[in-house]
Amino acid sequence: QKSTVVITGASSGVGLQAAKALAQTGQWHVVMACRDLAKTEQAAQTVGIPQDSYTIIHLDLASLDSVRQFVQDFRSTGKSLDALVCNAAIYMPLIKEPLWSVDGYELSVATNHLGHFLLCNLMLEDLKKSSASEPRLVILGTVTHNPKELGGKIPPRPDLGNLQGFEAGFKAPHTMIDGKKFEPVKAYKDSKVCNVLTMKELHRRYHESTGITFSSLYPGCVATTALFRDHYPLFQKLFPLFQKYITGGYVSEEDAGKRVAEVVADPAYNESGMYWSWGNRQKKDRKSFVQEVSNEASDDDKAKRLWELSAKLVGLA
Ligand code: NDP
């Protein structure tokens, strides 16, 4: 009997390669949770994920109704849930005006954080029922969340402030978590800080009582993925070269996917509350280590408050 893993945003980039890596072990059935079914089917075939090792179920993280529907649809497959990977994200560095989710929240925080926050809360019930010896919930992080590391020093830096925007209900005219002016790059970084804080709070609340392992990782700079599709064309051309030859941070989509797969399935990663990294300069056969997260992402009070406010925004409280 195979274990089942749900991966959000498995239609491209890191998520697609993680799906492939897990399916190829022969031990995992992958549920690809994606907003574009035809694209996902095409992607699965193109990278050669074995036909009988995946199921595609619709999920649009920018709609809370869609998240709830996804959970119902997953449950009706009768599969047990043994791991959940929150991987999907959008990054729109060039937009001048905010875009909005179905529920009226700024789109990048809605997609990257709020949609996943609801999904994690609902699917916790499924993970609790897993008969796997090591059920896991993994949320993708990024170096840009962390001003302590070089990759995180480039402005604008993330800053959730005192969560004023969330306190105010996070609907227009509020677009940023700290209640300040709209800044799309910062919105992305803020959402990734939320991802790490959510992982930490899940660990604090539920690890002991459930035995589920909660973790995050920075897979390296995967400069070629569609994450950068909304950037200047010249940036898209130069960024991979810059990362390859200047910073040394470049990681292929395939290797990044394998790293995610390790954090999901390898016994070495069965430690809860951890944020894994392979460092910023890539070397062959580089080993992973537990990376310290940013001050903000390790602030327990902020994690608790973010949890309470997010629960309200997604209709759980
Ligand atoms: P991609 O853009 O290649 O993949 C993002 C995935 O998210 C796609 O499958 C996309 O679907 C999906 N997605 C976007 N919006 C939604 C939505 N509303 N509902 C459901 N799915 C959605 O990016 P990456 O593979 O690079 O990024 C994956 C993760 O890795 C992200 O969490 C990112 O923050 C993280 N990361 C990436 C780094 C990098 O250098 N690339 C570095 C560090 C972390 P669709 O195909 O339909 O657009």
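In helix 1, the residues Gly13, Val14, Gln17, Ala18, Lys20, Ala21 and Leu22 meet Glu253, Glu254, Ala256, Gly257, Lys258, Val260, Ala261, Val264 and Ala265 of helix 8, contact being heavy atoms within 4.5 Å. By class, this contact of helix 1 with helix 8 comprises nine nonpolar, three polar and four charged residues. Here Ala, Val, Leu, Ile, Met, Phe, Trp, Tyr, Cys and Pro count as nonpolar, Asp, Glu, Lys and Arg as charged, and the others, Gly among them, as polar. Helices (H or I, at least four residues) and strands (E, at least two) are DSSP runs numbered from the N terminus.

The model is predicted: local features need pLDDT of at least 70 and side-chain atom pairs pLDDT 80 or more, whereas totals for chains, interfaces and linings use all residues. Residues are numbered from 1 along each chain as its sequence is written, and side-chain values use heavy atoms, with hydrogens and water left out.

The axes of helix 1 (residues 13–24) and helix 8 (residues 253–265) come within 7 Å and cross at roughly 60 degrees. Helix 1 is therefore oblique to helix 8; angles under 35 degrees count as roughly parallel, over 145 as roughly antiparallel, 65 to 115 as roughly perpendicular and the rest as oblique. Axes are lines fitted to C-alpha atoms, for helices over the stretch in contact, with angles from 0 to 180 degrees between N-to-C directions.

The largest nonpolar core has 63 residues, of which Phe70, Leu84, Leu137, Phe166 and Leu202 touch the most other members. Such a core is a set of buried Ala, Val, Leu, Ile, Met, Phe, Trp, Tyr and Cys residues joined through side-chain atoms within 4.5 Å, buried meaning under 20% relative accessible area (exposed over 50%, partly exposed in between; 1.4 Å probe, protein chains only). Elements giving two or more residues to this core include strand 2 (28–34), helix 3 (64–75) and helix 6 (184–210). Helix 4 gives the most, with 11 residues. Apart from this core lies another, of 35 residues, among them Val14, Leu22, Ala83 and Tyr269.

Thr111, in helix 4, counts as buried because its relative accessibility is 9%. Beyond four places in sequence, Thr111 touches Leu61, Ala62, Ile90 and His116. His231 is found in the loop between strand 6 and helix 7 (233–247), and counts as buried at 13% relative accessibility. Leaving aside neighbours within four places in sequence, His231 is in contact with Tyr91, Pro93, Leu94 and Gln236.
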